[in-house]
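Here is a short tour of one protein model, taking in a strand with its partners and then a pocket. Have the sequence and the coordinates open as you read.

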Amino acid sequence: MRAVLQRVKKASVSVNSDIVGQIDHGILILLGIHKSDSRQQADYLIDKCLGLRIFSDENQKMNLSLCEVGGGVLVVSQFTLYGDCSKGKRPSFTEAAAPGPGKELYDYFVAKIKESIPQAATGVFGAMMDVNLVNDGPVTFVLDAKAEATA
């Protein structure tokens, strides 16, 4: 499981010009699910995303987590995070989870986030979406549950 985590001042996601999810201050998580991912990777990544100390304290040091600042979370599915561009000019997506298992794990991820964060919102799994954000910093991290869980 892979995530691009961005600290945002605000973010929203629209489908067919209708806003389906939005947050103010918090994090946008673009979530890619690998074909072999499990709930174990989801749990690890949720803990990492919610606990990562990427918000400024009173001394302007990145020392506070999302939970400590009371921010929101916007989760958007993005299978292209598992696009392989190493051969040719057309990406291969054979490592991304198939839609059925991918949606099941995405729904699990979102449900667990919502248990911890009252201001949680989502896009629509599998839909063409427009994502708008005001990046705060910018502060952006790429997290890979498999690589980090074994480190």
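## Strand E1 and its partners

E1 (residues 2-15) pairs with strand E8 (residues 130-144) in the antiparallel sense over 12 bridges; within E8, Asn135 is the bridge partner of Val8. Strands here are DSSP runs (E, at least two residues), helices likewise (H or I, at least four), numbered from the N terminus, and two strands pair if DSSP finds at least two bridges between them. This is a predicted model, in which local features need pLDDT of at least 70, side-chain atom pairs count only at pLDDT 80 or more, and totals for chains, interfaces and linings use all residues. Residues are numbered from 1 along each chain as its sequence is written, and side-chain values use heavy atoms, leaving out hydrogens and water.

E1 also runs antiparallel to E3, joined by seven bridges, with Gln6 opposite Leu28. Five bridges link E1 to strand E2 (residues 18-23), again antiparallel, and Val13 has Gly21 as its bridge partner there. Two residues separate E1 and E2 in their hairpin, where Asn16 in the turn has a positive phi of about 50°. Of the 14 residues in E1, 11 are buried (under 20% relative accessible area, 1.4 Å probe, protein chains only).

## The largest pocket

What lines the largest pocket? Its lining has 21 residues, with Ser77, Gln78, Phe79, Gly126 and Ala127 nearest the centre. Strand E3 (26-32), strand E6 (72-77) and helix H3 (99-116) each give two or more residues to this lining, and E3 provides the largest share, three residues.

Terms used: 1 Å grid on protein atoms, 1.4 Å probe; cavity = no way out; pocket = protein on both sides within 12 Å on 5 of 7 lines; lining within 4 Å. Buried < 20%, exposed > 50% of the residue type's maximum accessible area, 1.4 Å probe, protein only.
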